Amino acid sequence: MKDSHVADDVTRAAVELFARQGYANTSVQQIVEAAGVTKGAMYHYFESKDDLLFGIYERLLNLQKAHLDEIIARGGTTDEVLRAVCVDVLETSIDSMEEGAVFFRSLNMLSAPRQQEVTRRRRAYHDEFAELVSRGQAEGIYRTDIPVAMLVAHFFSDVHYLSHWYSPEGPEDKTLVAEQLTDLFLTSLRRTDAAP
C-alpha cells in the first residue's frame with residue numbers, strides 16, 4: 001500500500017464503520033483494522049478520531065467550494081450560474097451521501113473549535129450562494145417578498161435531507177434528481193410577474 005492511499009483508506013473505512021455502528025461506538029482500532037493500516041499510519045494523517053470526522057466533511061466542503069468558484073468564474077447569466085451551482089451541490093452531495101449522513105449525525109460530537117470551523121466554512125459557502133440570489137433580485141428576476149436567508153435555507157434543507165429518501169439504486173439517477181430539485185427551487189425563486 002502506498003502512503004498516498006492511507007488517508008483515503010482510513011477515511012473510507014471510517015465512513016463505513018461510522019455509518020454502520022455510529023461515531024461514538026467506533027474505536028480507532030476498528031478503523032485501522034478495517035483500513036488495513038497501523039495506528040501510527042492513521043495518526044500520520046489524522047491527529048484524532050475528531051480530526052478524522054472533520055476530515056470526512058472537509059473533503060466535501062473543499063470539493064463543493066472549488067466547484068462553486070469554478071462555476072462563478074466561468075460566468076453567465078445569474079440564473080445560469082445559480083442553476084449550475086444548485087445542480088453541482090446536489091450531485092456532489094449525492095456522490096458523498098454516506099459521508100454527509102455520517103457527518104450530520106455526528107456533528108455534535110466534534111470538538112467545539114471544529115464545530116465552529118464547519119459553521120464558518122458552511123456559512124461562507126452559503127453567503128456566496130446567497131449573493132447569487134441577491135444579484136438575481138437586484139436584476140429583477142427573483143422574488144423579493146421572502147428574505148434571502150429563508151430562500152437559501154429552503155434550498156439547502158433539500159440538500160441535507162437527500163440521505164433520508166434518495167437511493168442510487170432508485171429509478172432516478174443523480175443528475176435527473178439534481179435537475180428536478182434545481183427546477184423546483186428556481187421556479188419558486190422566480191418572480192411570477194417577470195418575463196422568463
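The following questions and answers explain how terms are applied to this predicted model.

The model is predicted, and local features need pLDDT of at least 70, side-chain atom pairs count only at pLDDT 80 or more, and totals for chains, interfaces and linings use all residues. Residues are numbered from 1 along each chain as its sequence is written, and side-chain values use heavy atoms, with hydrogens and water left out.

Q: Why is Leu 90 called buried?
A: A residue is buried under 20% relative accessible area, exposed over 50% and partly exposed in between, with a 1.4 Å probe and protein chains only. Leu 90 has 0% relative accessibility and therefore counts as buried. In the chain of 196 residues, buried residues make up 41%.

Q: What does Leu 90 touch, apart from residues up to four places away in sequence?
A: Contact means heavy atoms within 4.5 Å. Leu 90, which lies in helix 5, touches Phe 155, Val 159, Leu 162, Ala 178, Leu 181 and Thr 182. The C-alpha atoms of Leu 90 and Leu 181 are separated by 8.3 Å, although the two residues are 91 apart along the chain.

Q: Why is Gln 64 called buried?
A: Gln 64 has a relative accessible area of 8%, so this residue is buried. Gln 64 is found in helix 4 (residues 49-74). Leaving aside residues up to four places away in sequence, the contacts of Gln 64 are Asp 88, Val 89, Thr 92, Ser 93 and Tyr 125.

Q: Why is the pair of Tyr 57 and Phe 103 called stacked?
A: Rings of Phe, Tyr and Trp (its six-membered ring) pair if their centres lie within 6.5 Å; planes under 30 degrees apart count as stacked, over 60 as edge-to-face and the rest as tilted. The rings of Tyr 57 and Phe 103 have centres 4.1 Å apart and planes at 10°, so the pair is stacked. Tyr 57 in helix 4 and Phe 103 in helix 6 are 46 residues apart, and both are buried.

Q: What makes the pair of Tyr 125 and Phe 156 edge-to-face?
A: The planes of Tyr 125 and Phe 156 stand at 85°, with 6.1 Å centre to centre, and the pair is edge-to-face. Tyr 125 lies in helix 7 and Phe 156 in helix 8, so the pair ties together parts that are 31 residues apart in sequence. Tyr 125 counts as buried because its relative accessibility is 7%; Phe 156 is buried because its relative accessible area is 4%.

Q: How do the residues of the lining of the largest pocket divide into nonpolar, polar and charged?
A: Ala, Val, Leu, Ile, Met, Phe, Trp, Tyr, Cys and Pro count as nonpolar, Asp, Glu, Lys and Arg as charged, and the others, Gly among them, as polar. On this basis the lining holds twelve nonpolar, eight polar and two charged residues. Helix 8 gives the largest share of the lining, six residues.

Conventions. Helices (H or I, at least four residues) and strands (E, at least two) are DSSP runs, numbered from the N terminus.
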